Amino acid sequence: MKIEGIELIRLELPLRYPFRTSFGAVHEREVLLLRVLTPDAEGWSECVAFSTPMYSSEYVDGVAEMIQRFLIPRLREAREPTAEQIGELFAPVRGHRMAKSTVETAVLDAQLRTHGLALGDYLGATRERVPAGVSVGIHDSIPELLEAVTGYLDEGYARIKLKIAPGWDIEPVRAVRERFGDELVLQVDANSAYTLADTRHLARLDAFDLLLIEQPLGEEQLRQHAELAAHLRTPVCLDESIVSAEAAADAIALGACRIVNIKPGRVGGYLESRRIHDLCQANGIAVWCGGMLETGIGRAANLALAGLPGFTLPSDTSASSRYYAQDITEPFELQHGCLQVPTGLGIGISPDQNTLTALTTTRQWIAF
Ligand code: OSB
Ligand code: MG
């Protein structure tokens, strides 16, 4: 792709409800969008990093610096690289997968728009719609949690994920299971809040017939996850630990997980996500698509990925209204518990210019 320039756009989006996890509460989503301009098309992407490095090591200011200082110069020096060549082009830069994913995705979007192809078709999506799960944050009390879950079930969500942390685990899970019955598809996410010393405590969750427990231990604790998994009936799913297809291969070989949450931003992009999908499919490991409170830009691309055949569990691809009173794109809405895989070219959607302008805090144009 010939690149004429890249624009970094920062926004502040208030969340409809604060989202609390074991690593802290988010009230506002600081969003970094990247727009790439090419002779025939514009490409868009959304960075998944948060303002602070509490979910993983990357954070918004760091990503913006990484893109400007190290990734854009590499892109400039290359001879009109295709999206498929960007992984190798960026490989000498260690880590920083959220930054790399942001650049690669925007270039891929522009490339697909130029070639007249939808991202879902390019990746190999086989479904037109995907079941939507919803991730429910830590609440102040069990009655408030039950009220929130009731609301989501009334909207039609296909499964509920409860955020857990020490002090907010067995009782909220028991209350939700008792109130909504055995039919409810229920899972939990600890975001690394436990240690192996909690094995017996976590085994108490086995009584509630959960679909999975997501990332109970630390990001770098693959071996310890394998040890924990051997003591739990509840299947272990990894999120933070799966930073690449190589990490996924190691996790599978070690028996650290039976299920994988794929977040394209965390693994360096949609191409690496597809490799993880293929690897998991070949090993009988179910996958689903995680979320990072994305606006419609990130959500659209995630839905394309979630349309692949190995995504056999509901994804954290909730409707726009789960997060924002006003999304920056046309809102994604639930239809019988599903979201539609976009069919437009590239990621299939663009930001609404008026909304974008109203919410933008800074924009920076970098000419090539
Ligand atoms: O661990 O999956 C996670 C949100 C922010 C950071 C990490 C996680 C989450 C979620 C919500 O669980 C996913 C979503 O609905 O976007
Ligand atoms: Mg998670």
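**Ligand 1 and the residues around it**

An oxygen atom of ligand 1 lies 3.1 Å from an N or O atom in the side chain of Asp239, a polar contact in the sense of a pair of N or O atoms within 3.5 Å. This is a predicted model, in which local features need pLDDT of at least 70, side-chain atom pairs count only at pLDDT 80 or more, and totals for chains, interfaces and linings use all residues. Side-chain values rest on heavy atoms, with hydrogens and water left out.

Let's stay with the ligand for a moment. The side chain of Asn191 places an N or O atom 2.7 Å from an oxygen atom of ligand 1, and a polar backbone atom of Leu293 is 2.8 Å from an oxygen atom of ligand 1. Of the 390 Å² of accessible area that ligand 1 has on its own, the protein covers 100% (Shrake-Rupley method, 1.4 Å probe).

Who are the neighbours? There are 18 residues around ligand 1, and Ser135, Asp189, Asn191, Leu293 and Tyr323 come nearest (a heavy atom within 4 Å counts as near). By type, this shell holds 7 nonpolar, 3 polar and 8 charged residues, with Gly counted as polar and Tyr as nonpolar.

Now step back to the domains. An automatic or database assignment gives domain 1 (5-116 + 352-367) and domain 2 (121-340), and each supplies at least three residues to the shell around ligand 1. The domain centres, taken over C-alpha atoms, are 23 Å apart, while 35 residues of domain 1 are in contact with 42 residues of domain 2 (heavy atoms within 4.5 Å).

Terms used: Residues are numbered from 1 along each chain as its sequence is written. Chains are lettered from A and ligands numbered from 1 in the order in which they are written. A polar contact is a pair of N or O atoms within 3.5 Å; within protein, one must be able to donate a hydrogen and the other to accept it, and residues adjacent in sequence count only if both atoms are side-chain atoms.
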